[in-house]
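Here is a short briefing on one protein chain.

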Amino acid sequence: MDVMSQQEKMKNDFLKEVEGYILQLLYTKDLISVLKDIEDLDYKLATAPNFTLITECALSDSYMLVLMRLYDKSKESKNIYSLIEKCKKNSFLFKNEKEVLSKIAEFQDELEEDEYICHTINVLRERRDTIYAHNDSKYFGDKIEKDKTYLKTYHILILVDFTERLLTYIFSLLSSEEMNKVKYDNDLKKLFEKQSLSINDKA
């Protein structure tokens, strides 16, 4: 295999890896969108409070777990940190190598220095180590009320936005195709709207 063919294969393999990260990002965004729809429609779901609460908790747990995986620092795992390092080590694959390295350095600085991003990642790791991955005795059972590692929605959205900007940029370096989009499209709202129209038609 000549050098050009080898580099092309490396780019294709790299693209497949980036697409794997993008799938996790899109899933996270879909989960957050569903949760927002539920919160916006709480008046419609008032007759099913337990269902609503369980669904909201499940959605929150799910997107937090994805973010925990994306921002895990384990050397054995595929994560945002290892992705950034891979970009730096394989910068020769990109046309404007110096420009790419400069942009990746900007992303890395933001990841390591942005107050909100750092706080969110630290809280996610703490929650993973004490609640999600282990039954820490300090927070087991009703002691969960002692947990103070609460994240506000804007913390999550800031981290998701950073992840999307980084992945979109890397994807654009590797492919001229359009990046995949989220699947969820306000389905729950549309369902209630359709139901309302059906009721009105029967009236």
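Helix 5 gives the most to the lining of the largest cavity, with 4 residues. The model is predicted. Its chain holds 7 helices and 0 strands.

**Largest cavity**
- Searching the whole structure turns up 1 cavity of 30 Å³ or more.
- The space in the largest cavity is about 30 Å³.
- Its lining consists of Met68, Tyr71, Asp72, Ile121, Leu124, Arg125 and Arg128.
- Two of these lining residues, Ile121 and Arg125, are also touched by Tyr71.

**Overall fold**
- Along the sequence, the pattern reads α-α-α-α-α-α-α.
- The chain has 203 residues, and 35% of them count as buried.
- Take the contacts between residues at least 6 apart in sequence: 75% of them join residues at least 24 apart.

**Nonpolar core**
- The largest nonpolar core has 49 residues, and Tyr71, Ile80, Leu111 and Ile170 touch the most other members.
- At least two core residues come from each of helix 1 (3–40), helix 2 (49–70), helix 3 (80–89), helix 4 (97–113), helix 5 (115–132) and helix 6 (153–174).
- Helix 1 is the top contributor to this core, supplying 11 residues.
- Which residues does Tyr71 touch, not counting those up to four places away in sequence? They are Ile80, Tyr81, Leu111, Ile121, Arg125, Leu159, Phe162 and Thr163.

**Helix 6**
- Helix 6 has 22 residues, so at 1.5 Å a residue it should span 32 Å. Its end C-alpha atoms are 32 Å apart, which agrees.
- The buried residues of helix 6 are His155, Ile156, Leu159, Val160, Phe162, Thr163, Leu166, Leu167, Tyr169, Ile170, Phe171 and Leu174.

**Second largest pocket**
- About 180 Å³ of space lies in this pocket.
- Lys11, Leu93, Phe94, Lys95, Asn96, Glu99, Val100, Tyr169, Ser172 and Leu173 form its lining.
- Helix 4 and helix 6 each supply at least two residues of that lining.
- Helix 6 has the largest share, 3 residues.

**Leu93**
- Where does Leu93 sit? Leu93 lies in the loop between helix 3 and helix 4.
- Is Leu93 buried or exposed? Leu93 has a relative accessible area of 8%, so it counts as buried, the cut-off being under 20%.
- Leu93 touches Gln7, Met10, Lys11 and Phe14, leaving out residues up to four places away in sequence.
- Lys11 is 82 residues from Leu93 in sequence, yet their C-alpha atoms are 6.8 Å apart in space.

**Cysteines**
- A disulfide is a covalent bond between the sulfur atoms of two cysteines.
- How many disulfides does the model have? The count comes to 0, with sulfur atoms within 2.5 Å as the cut-off.
- Cys57 has 39% relative accessibility, so it counts as partly exposed.
- Cys87 is buried, because its relative accessibility is 1%.

Notes: Residues are numbered from 1 along each chain as its sequence is written. This is a predicted model: local features need pLDDT of at least 70, side-chain atom pairs count only at pLDDT 80 or more; totals for chains, interfaces and linings use all residues. Side-chain values use heavy atoms; hydrogens and water are left out. Buried means under 20% relative accessible area, exposed over 50%, partly exposed in between (1.4 Å probe, protein chains only). A nonpolar core is a set of buried Ala, Val, Leu, Ile, Met, Phe, Trp, Tyr and Cys residues joined through side-chain atoms within 4.5 Å. Contact means heavy atoms within 4.5 Å. The expected span of a helix is 1.5 Å times one less than its number of residues. On a 1 Å grid over the protein atoms alone, a cavity is a set of points where a 1.4 Å probe fits but cannot get out, and a pocket is an open set with protein on both sides within 12 Å along at least five of seven lines; lining residues have an atom within 4 Å of a point. Grid points are joined across faces, edges and corners, and a volume is the space filled by probe spheres set on the points.
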